[in-house]
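Take a look at the side-chain contacts in this model. Begin with the aromatic rings, then move on to the charged groups.

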Amino acid sequence: MPIATQYCHVVIVRIFLPPQSSRVNISRLNYTENPEDFCLDTIRQTITIEGLTVDDAGTYKCAVVDHVNGFNSADFKLYVLDLKGINHRSNRTTRDVESDEFVFFDTANNPTTVNVSHSSDRPVRMVLGYESYPSLTSVEWYKDGRRLNIAQDHRYQATETDTELQLVISNLSLYDIGRYTVIARTDTAQDSYNVSVFIYDKPTLKMGSINTTVGKMVEFVCESHAFPQPEFDIGFLPCHSLEWRTCMENRSQYKNMKSEESIISIIEVHHTMKFQANVSGIVLCDAANDYGKAEAEGYLIVVHSSLQFAVEGVIISLFVVLTVVVVIVVRRLRRFVRYRKPPIVEDEELIISEQYEFPRERLRLGSLIGSGQFGVVLQAVADGIVTEGEETTVAVKLVRDVNERNVISVLIAELKVMIHIGHHLNVVNLLGAVTQNVPKNEMMMIVEHCKYGNVSDFLITNRTNFVDELDPVTGQYTSTRNFENLDLNDTLVGCTFRTSHLCSWATQIARGMSFLTARSVLHGDLAARNVLLCPDNVVKICDFGLARTLYRTNVYKKTSPDPLPLKWLALECISDRTFSTHSDVWAYGIVLWELFSLGSVPYPEQGNDAELVNALRQGYRMKKPSAANFEMYNIMLNCWRQEPTGRPSFEQLYQWFYNFLPQNIQMHHDQQLLTIDNNDGKVTILTDSCKYK
C-alpha cells in the first residue's frame, strides 16, 4: 500500500495499524523534490503485508505533522475475504457462504454534496466509488425517500461498473433539489450512500389579478420559486385612469406594503398582501437573490357598479336633506331615482343558453394578457368549465369601466356573435360567460386561452430562425418531404419554422374563415395579430369585436365613426364603409402577405393613409414578399381584386392550400377535424406538445 503526501517542512510521519495486524513491513520515507516549489515535495512510504489473513483487515492511517503543529491524515480501509470453501461449497453451510458477501461505499472519497448553478445548463453528475463481493445484483436510486423511475424518466441516466455507480440528471429545475440515496445489493449484503443536491437559481414569480368592487377586501399572493430564498420588495401603485402603461412609467405614488411570509418548501415562498380595494392599481412584487432578480405584477381592477353609485348617492342625499325638511328629502330621493342611469340592456336581452352561463365563484382571475382602449383580457382558471372537477386555463374579457355604456354593449354584441358561431378548431371558442350582473353593467366573457400568443409577434420574434424552402432556381417549394416538428417554448424565442409551417397556417386560417362564412358571420378585423398559436400547431382566429352576423343580406353598412384598421381594409370598405365576406377575403390576402414577409408591416412603400388610398384606387398592390413564389403571390393578387365578386371564396382558398400541402400534413389536418367531429362539436382544449405527430 503506497502512501504519499505533499509537504512543507514536515517533521513527523506516523503510520497507525489495526491492533490485530501482524507481519507488516513499513518502508523508509522516499522523498521526491519539486523543482518549482519545495513545499510541493512528495514523501512516499509503502506498507507491505506478507501472508495476508483476515486478521489484517481494518483501518490503516497515515498522519503528518509539520513544524508548526499543522496536522493532516488519511485513512485506508482494508477488507480481507476468506475464500476457503467458496471453491468447495459442499464443505460449508449456506450461512457460512453468505457471510462472505459485502458491499462498501468509499465514504472517504465520495461526495456528500453537489452544488450546481441552473444558468450553467450543466447536468448533475454523481459518481460514487464502491467495492463488493460478489458482483451487485441490484442498484436502486431514491430522491427524498421516493424511488426514481429511471426507465421512464429520460432526464435520469444511471450507469454501473465494477467499481463505480453513476447517476446523471439533465434538464435541471429547482425541483431536483433534494437528498439522493443509492442502495447497492448483492444476494445477502447491501450498503447505501446519500448525496445532497443543491441547484442555485434566480427567482421566478407568479401573481394573479383581481376584479372587484370598491370597499371589498382583496388578497394578493406573490409566489416565488428560487434557491436560495430571495429578498422581497412589495408595493402598490395606484392607477386612477387604468392606463396601465402610463401608470407604470410614473411611479411617484408607489407605496411599500407589508406582507405575510409563508415558507412552503426550501424553494417556494409565498408573500400575501391583504388590503381594502379603494382604487384600481398594480401590485408590484420584486424578489432578488445572488443569482438574479424578477418582478411580477398583479392588476387590481376596481369597478363602481350602478348599485354602488345608487347607495352612495342615497347616503349623500340623506346627509344633506336631513338638515332641511322631510319634503325636500322625498323630492331629492325621487329626483335621484328619476335620473338614475338605467341598465344598458333589459333583462329579456340577457338570457343565454344554460350551456354558457358560468358561476363567478368558480372563476379565478390571473395575470393581464392584453389591454385595449376600453377592455382588458386576463388569464384565469375556471373550475369545471370543460370537464367537471378539472381546472382549465382560460382567457377572460371584461371592460375597464362599467360606466361606459357603449363598451358593455359592444361586449354583449360580441358575446352574441360567438354564441351564434358555435365551435370550430380554427376559431377561438367561447367557453362561457358571467352575465348575472349585466343589469349592473358588469359582465365577463370566457374564451379559450392560447398560450403562445399571436402569429404576428411570433414571426417578428423568430424572423432570423426562418428556413426558406423555396428553390431559387425553379421557384417551387421543396416542402413535399416529411413535415418538420415546430417546437415552441414559453418565451417563443429561438423557435425554428419553415415555409411549410406558413402554408399550414394559411390553410387553417382559410378553413376557419370558410366556417365563419357558412355561419353568415363577417369578421371585419382579420389580421395576423388576430390569429393565435396553440398547441399541436393549431392556429385560431380571434377578436370578434367588429364581427357582424349577416342575416338578411350579405353586406353590412357601417355607420359608426369608430376607427378601422386601414391597411387591412378592402377598397369598398374605405370608400363606402361597406363590409362583406368579400372584404374579409381582401384582408386574408393581407394576412398571406404578412405570413410570407415574416411579419412585416403591410404597405411599407406607402406614406400616409391618403396616399395609400389613392394608390390602391389607381391599381397599386404590394410587391411579392420574399418567402412567397409567384403562384402564392398570384393568390394574393386575386384576393385584392377591385371588384368584390371577382375575389375567390374562402372555400376555394382552403381547397387550394389544402391540395398544396404535403400528404402527411393533410392527414394531420384531417385527424384534427375528425377529433372535433367525434366530440359532437364540443370544445377540445389543446394541451399537447407543439409538434406535428
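The aromatic pairs in this predicted model number 17. Take W656 and F660 as one of them. Their ring centres lie 5.5 Å apart and their planes meet at 10°, so the pair counts as stacked. The cut-off for stacking is an angle under 30 degrees. A pair of aromatic rings is described by the distance of the centres and the angle of the planes.

W656 is partly exposed, at a relative accessible area of 27%. F660 is partly exposed too, with a value of 22%.

One aromatic cluster takes in Y588, F650, W656, F657 and F660.

Aromatic faces also meet charges. R529 lies over the face of W568, 4.3 Å from the ring centre. R155 lies over the face of Y156, and here the distance to the ring centre is 5.2 Å.

R155 leads on to the salt bridges. The whole structure holds 12 of them. In one, the side chain of R155 meets that of D176, at 2.8 Å from N to O. This pair links distant parts of the chain, 21 residues apart. D176 is in the loop between β14 (164–169) and β15. R155 is in the loop between β12 (146–147) and β13 (156–160). D176 is buried, with a relative accessible area of 3%.

Now turn to E140. Which side chains does E140 meet in salt bridges? One is R147, at 3.5 Å from N to O. Another is R185, at 3.2 Å from N to O. R185 lies in strand β15 (residues 178–185) and E140 in strand β11 (residues 138–143), so this bridge ties together parts that are 45 residues apart in sequence.

How accessible is each of these partners? E140 counts as buried, at 14% relative accessibility, because the cut-off for buried is under 20%. R185 counts as partly exposed, at 24%. R147 is exposed, with a relative accessible area of 52%. Shared partners join E140, R147 and R185 into one salt-bridge network.

How values were computed. Residues numbered from 1 in each chain as written. Predicted model: local features only at pLDDT ≥ 70, side-chain atom pairs only at ≥ 80, totals over all residues. Heavy atoms only, no water. Phe/Tyr/Trp six-rings, centres within 6.5 Å; stacked < 30°, edge-to-face > 60°. Buried < 20%, exposed > 50% of the residue type's maximum accessible area, 1.4 Å probe, protein only. Lys NZ or Arg CZ within 6 Å of the ring centre and 35° of its normal. Salt bridge = Lys/Arg side-chain N within 4 Å of Asp/Glu carboxyl O. Helix = DSSP H or I, 4+ residues; strand = E, 2+ residues; numbered from the N terminus.
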